[in-house]
Amino acid sequence: MVYEKLDGQGMANLHSNADRMNWYKKDNKFSVDFGGHGTTMTVNNNDVLVAYDSATSNGMGEKNASVNYTKAELAKEYGQYKDTLGQLIATGTMHAQQRDGAGSTSSASSSSASVSQEALNKTYTIMGHTFKPVWADDYKSYVLVGTDGEGEAAEWAPNAIGYSVEERKQGMGQVSEAYKELYGKD
């Protein structure tokens, strides 16, 4: 539901692309890709945090963007498509398994195994902004993504507009500490 809300091109378009979809699931994290850029959806209680590549005038960007939706608003808007969406996800999961090997239901690597569930459920404050861990298929690890469109913390902090050089340096220290806490190491 959240992917369709983000995509906004309609169920027919989503259905016509089902043969190219690759769906992955790991705990409360879901991701979908079409063999390239991925979208990651993290379900926490009544909210769904989505991390995706921001669009540019030439197509998909290289920096992450994020948006948060409530389960209630998604169910209200897309609940009538639940069965169709379930079929699309099943097809996409099968494609991912075929592409990655029959035993694979997730693209998570062993590096993610060192991240505790407590660390994944936590929010991190960097330069007064809130960041949450989100699975990034491209990096095969969790990254800290801003909840208000900041993107990935380590990319945002050194380039944050409206902050002094010293504040950005302090922000990078906060990023380092947050990742150290997330992974339990540097």
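Me: In which strand is Thr 125 found, and is Thr 125 buried or exposed?
Reply: In this predicted model, Thr 125 is found in strand E6, residues 124–126. Its relative accessible area is 55%, and exposed means over 50%. Thr 125, in strand E6, is therefore exposed.

Me: How many Å apart in space are Thr 125 and Ala 153, C-alpha to C-alpha?
Reply: In sequence, Thr 125 and Ala 153 are 28 residues apart. In space, the C-alpha to C-alpha distance between Thr 125 and Ala 153 is 9.9 Å.

Me: How are the rings of Phe 131 and Trp 156 arranged: stacked, edge-to-face or tilted?
Reply: The structure holds 3 aromatic pairs. For Phe 131 and Trp 156, the ring centres are 5.7 Å apart and the planes are at 50°. Planes under 30 degrees apart count as stacked and over 60 as edge-to-face, so the pair of Phe 131 and Trp 156 is tilted.

Me: How many residues apart in sequence are the parts that this pair ties together?
Reply: Phe 131 lies in strand E7 (residues 129–136), and Trp 156 lies in helix H7 (residues 153–156). Both Phe 131 and Trp 156 are buried. The pair therefore ties together parts whose separation in sequence is 25 residues.

Me: Which residues do ring pairs link into a cluster?
Reply: The rings of Trp 156 and Tyr 163 have their centres 6.0 Å apart and their planes at 80°, so this pair is edge-to-face. Trp 156 also pairs with Phe 131, in the tilted arrangement. The cluster linked by ring pairs consists of Phe 131, Trp 156 and Tyr 163.

Me: Which helix supplies the largest share of the lining of the largest pocket?
Reply: The largest pocket has a volume of about 530 Å³. Of its 23 lining residues, the closest to the centre are Met 1, Val 2, Trp 23, Phe 30 and Ile 89. At least two lining residues each come from helix H1 (2–7), strand E1 (22–26), strand E3 (38–44), helix H3 (71–78) and helix H4 (82–100). The largest share, 6 residues, comes from H4.

Me: How many residues of that lining are nonpolar?
Reply: The lining of the largest pocket includes 3 polar and 4 charged residues. The nonpolar residues number 16.

Me: Is Asn 45 buried or exposed?
Reply: Asn 45 is found in the loop between E3 and strand E4 (47–56). Its phi is near 50°, a positive value in a residue other than glycine. With a relative accessible area of 70%, Asn 45 is exposed.

Key. Residues are numbered from 1 along each chain as its sequence is written. This is a predicted model: local features need pLDDT of at least 70, side-chain atom pairs count only at pLDDT 80 or more; totals for chains, interfaces and linings use all residues. Side-chain values use heavy atoms; hydrogens and water are left out. Rings of Phe, Tyr and Trp (its six-membered ring) pair if their centres lie within 6.5 Å; planes under 30 degrees apart count as stacked, over 60 as edge-to-face and the rest as tilted. Helices (H or I, at least four residues) and strands (E, at least two) are DSSP runs, numbered from the N terminus. Buried means under 20% relative accessible area, exposed over 50%, partly exposed in between (1.4 Å probe, protein chains only). On a 1 Å grid over the protein atoms alone, a cavity is a set of points where a 1.4 Å probe fits but cannot get out, and a pocket is an open set with protein on both sides within 12 Å along at least five of seven lines; lining residues have an atom within 4 Å of a point. Grid points are joined across faces, edges and corners, and a volume is the space filled by probe spheres set on the points. Ala, Val, Leu, Ile, Met, Phe, Trp, Tyr, Cys and Pro count as nonpolar, Asp, Glu, Lys and Arg as charged, and the others, Gly among them, as polar.
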